[in-house]
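Morning, everyone. Have a look at the model first.

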Amino acid sequence: MEEVDMDPEKASEPENVEVKSRVFTLEDDKDPGVELSGEMSEKRLQEREKISPRRITNLQRHLTTLVTNIQTAADARESMRRKELEEARKMRLELLENDMKSSQEKFEEITRGWSLTKEKVSAQELQEALNNQQLLLTSLLEDKKKVIDELQQELKLGDDHFVKDLKKQAEERDLMLERMEDQIKTLTKAYREELAQTQSVNQRETKDLLTNDTSDWEQRMKKLWDTEQARLAQRRKTVEEYEAKIHSLIFETMDKQTATKIEQNAKLQVLEREHQKTLASIIVVRLNQIKEKHELEVLTSSRVDSLQTEKKNAVAKPNNQPRKTSQSLSKDYKQSVQQYERLQKKLKQIVVADARTFEEMWATVEAEVRQLAERALEIDSLICRQHFGVAWERPPMPLAASSSSFHTERQTHRPARRAVSQLYHTEQSLQRSSQRTTMGVDAETESADVDHASMGGTATQSEGDAELEDGTLTLETVTKVMELLWEEVGFLMEDDPTLLASLEKEEQTAIKLGSLLFSFGIEEEDLPKLAHFLLKYRQQQSEQTERVCDETGESSDQAAAFDPTSDLIHPNHVLPALKSFLNQYMKSRQNSCQSSVVHTEGRGSSEDKAYWESLGNVIPDSKVQLWEEAEKTLTQYIVILTDICALDTETDSLRQQNAELRMLLQQSLNPQVS
Amino acid sequence: MQSVASPWKRMQYRAAHHRRTVEVICPTIATMPKSYYPPESNLKAPDGMRKTRTIIAEDPHWTLALVPRLSNLCLQSIASNFEENPIFEQLTPSQRRFIQERLSPSLPLHITANLISDGIYWKRCCELRWDLCDVSLYGHSWKRMFFERCLENMIELFIPDVTEPKTILDMVPHCRNYVKRLDICQLLTPVKEPQRAEEEELASEHEYEGPSVDHFDFGILLDKLTSLEELHLVYRVKHCGMNFEWKMFEMTDRDCESLAKALMSCKTLKLLRLHQSHIEDNKCRLLVKHLLDHPSLKVLDFSHNLIGDRGARGIGKLLSRGNLEVLNLCDNVIRDHGAKAIAHALSKNSTLLSLNLRLNRVRDEGGQAIGEALLKNNTLCHLHLGGNEVTAPTAVALSEALAQKNILKSINLSCNNLGEAGGKALQGAMSLNTSVTECDLRLTEVDEQIVAFINQVVWTNESLEEERRAREKTDK
């Protein structure tokens, strides 16, 4: 009873371990042995998915039974113990009852003995009875003691059992705990395995599914692609067809359109032509109308013009105001002309300077080149003579010819240049004269006086000649000359003399001269030159005549008898003089214009080029080759020479050594001798 | 807002100011002719300054993130001043969590108990008090765990006539809404001699005039715990050592009376477990008498006591006049008469699901009676008759019930000498049965082949059952 209270859950007496072990062995044999093997076979046969839960449940069952086995064993032991206890208690109770009964009997006997002893009178008898009683009592006590001892022993045994039970229970509890832990461990392991398995299975399944799906997908995609591509190809084909169709349609329509356009254009052109025709007819009509009108206007205007000229003639005479203005304008004009002349002079000076410098340059360069050529030739001759040992012939010198040609050329050039300078001089004189003319009336009068004085005799003529040489010509003489010219050459002009007649004499001459000069193509500036030329011509003529006169002695008189006008020049000589002047003039003009150009051109001509080239090629190519060869051999020769030179030093040193050695030898010999 | 901005600004200002001062100081140091001033005085002032300033300006770990937010500061101040000014209900859930993480676990319960809901705070309280905290045993509620264990501790350490009952009663208003279960594994007896030191936890019955109660009186507590559902009680003293006395492991009559009344007053109780407490027939009858017609009691566990036939009779009465679903009378001394009474009640009962009569003395008469009762009963699923000295006749009676009715799911006949006859009877019955999923026939002297056969049947039944369950699940 007490034990139950203490730890009833585990309070169970282990009756024998054999039972327990038997139970376990049974279970073990039955459960894991048979079933696991069965499981193994099943595993192979069946699918894993079904096995694993069954395995797990089996495991659970097995393990729980393993744990609960202890409890049931304990229960069994407990019930057995209780049975035993009950039996023991029963036996004890019986034993006690028997004991009680026997002791009761004994006690009754004793009490009876006591009543007997009261009847006893004698001391001896009493003593005997007392002794008897005592014996009985002691036996009773002994019995009791025996029982008590037995019970105490039983108690002790029970206590021992209890302690043992407790120990066993503790062991069992430990075992149970161990098993529980084992169970937990194995179960967790099993669960983990199952989890891993399921996971792996799942993974495999998913993989399979994935691969299947992907393959399916790929196949389908491929199919789709193929179909799509086929469709695309078809579509392309159709597109091409349609495009071709469209193109053909477009071209057809285009053709049609162009045809219609052309037709319409033709029509349009026809229409336009008609339109233009009509327009032209209209214009013709209008022009006719305009012509008529114009004729009418001309008629009226001619009449008006005649009236106007009359008016002008009436108005021209009192018109002095414009003359003043014209004078001032002429002044301005003269000034500007002077400026122009100055500029031209400068230009000519520059040109002359350029020419001079060019010439100098030419000369110096030529001289240098010649020198060079000479040197080359000398070297050549040296080479020829010394190196090759061949007699050197001076090559045909192109220099002489060329230089001569050059000289001739120069000489040909010279007159032109002289002409230019002459021109230049004349111009200068002319300018001077013009300056003089502008200087004032005094000069005019003087010159006039001089002219008039020259009218007299040769002295005056000489003076005039001096004048000529000076290039100073009076306006008077010029005008005279001009007038003479006009008179002599006027027939060349076709001007209306009636028109001139109306004008004053001065104006007449001016106009005449202007027209004359214009017709000759001479500028107004050259007018004094012309005059001068004419005078000169006359002089020449007069000289000729004088020479003739010297021969004849008459012509001088004839010349002296000339009228003042003829004093200047003979009218008969005017025309040829003019002709010659014109010729010279034109030439000089051209020269003056082209002089600078001619110089340069003359130099740049092909002849010069050839000349220079000949100068450059004084030494021909064959010679140059020869020279190169010579150079090569010479360089080789030089190399050899340098070697020899080097060797020379060596030989020198050797010689020296030799000498020294000889000295040494001698020295060595000398002491031996000495 | 200003309060947030100001410290940050102040820091910025300080940093800037510091930089400026350093810049200003450095040139002065450089230009200062050392001969004019003693070097110590020359360097001391700037050095000191630098020390005080550099803490902020050149601290590499200083970031803006370290500046706490105003809301956090507020919450922290709330947490620190919770005792004086508890603010909790007005806060948002996240703020509540913040507070719960920072509240001191030593706060008085009258503030926190009904204010702070289940959560981190109670978890912290629990973990501070106990090392092992399995919240799954307490319905995943840390608060419930805290209060239940607090109350259990208080009751277990309650010394009659020494501890004031008021200390426990003060606790009640805080915890009555949260305590659902009381698992009390020791009840101290009164101190033997009051003048002795308190460490003497022993009590003696010899002093009759002494204690007013023998153990803690549940009468003052149970009617106040409005949500109590389970009560586990053991009248014993743990770690008694050499002070062992039988009285420590007994429930006295007075205790029994007070407990019976308290149980009657507790209308929400569903489970009563009173084990290893030396309950005899009389005490059992007293308890049962008060538990008759209890509105909610479903589970009754008087295991490991000394209940005999009379007590069993009383329990039989309770079976017929209650809604008991589970009855555990294992390790008592119920004999055939008591078993007959229970069987009689069982034959009329329609609520009991599980009956445990392990380690009793039912014998064949009682076993047969139970077997016959099972023929009439339609609810009992679990029956444990292990270690009851029943033999073949009981097995025959039970196999009749098993063969006729497919209600019993588990049956345990271990540690009974059923013999060959009983085994064969059971085999025959099991071949017809489809409901039994557990059948324990260990140590019953039954033939191994029969046991194997029965196990096979059981396993097939089990798999069938599982399939059925799975089907139900899928149907749902």
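What percentage of the 476 residues in chain B is buried? Buried residues make up 47%, where buried means under 20% relative accessible area with a 1.4 Å probe, protein chains only. A word on conventions. This is a predicted model: local features need pLDDT of at least 70, side-chain atom pairs count only at pLDDT 80 or more, and totals for chains, interfaces and linings use all residues. Residues are numbered from 1 along each chain as its sequence is written, chains are lettered from A and ligands numbered from 1 in the order written, and side-chain values use heavy atoms, without hydrogens or water.

Chain B has 17 helices and 9 strands; these are DSSP runs, helices being H or I with at least four residues and strands E with at least two, numbered from the N terminus.

Now the helix pair. The axes of H4(B), residues 93-102, and H6(B), residues 120-129, come within 7 Å and cross at roughly 15°. Axes are lines fitted to C-alpha atoms over the stretch in contact, with angles from 0 to 180 degrees between N-to-C directions. So H4(B) is roughly parallel to H6(B), the term for angles under 35 degrees. H4(B) brings Arg97(B), Gln100(B), Glu101(B) and Arg102(B) to the contact; H6(B) brings Ile120(B), Tyr121(B) and Arg124(B). Contact means heavy atoms within 4.5 Å.

Last, Leu151(B). This residue sits in helix H7 of chain B, residues 142-156. Leu151(B) is buried, at 0% relative accessible area. Leaving out residues up to four places away in sequence, Leu151(B) touches Ile168(B), Met171(B), Cys175(B), Val179(B), Leu182(B) and Leu225(B).

How values were computed:
Parallel < 35°, antiparallel > 145°, perpendicular 65-115°, else oblique. Buried < 20%, exposed > 50% of the residue type's maximum accessible area, 1.4 Å probe, protein only.
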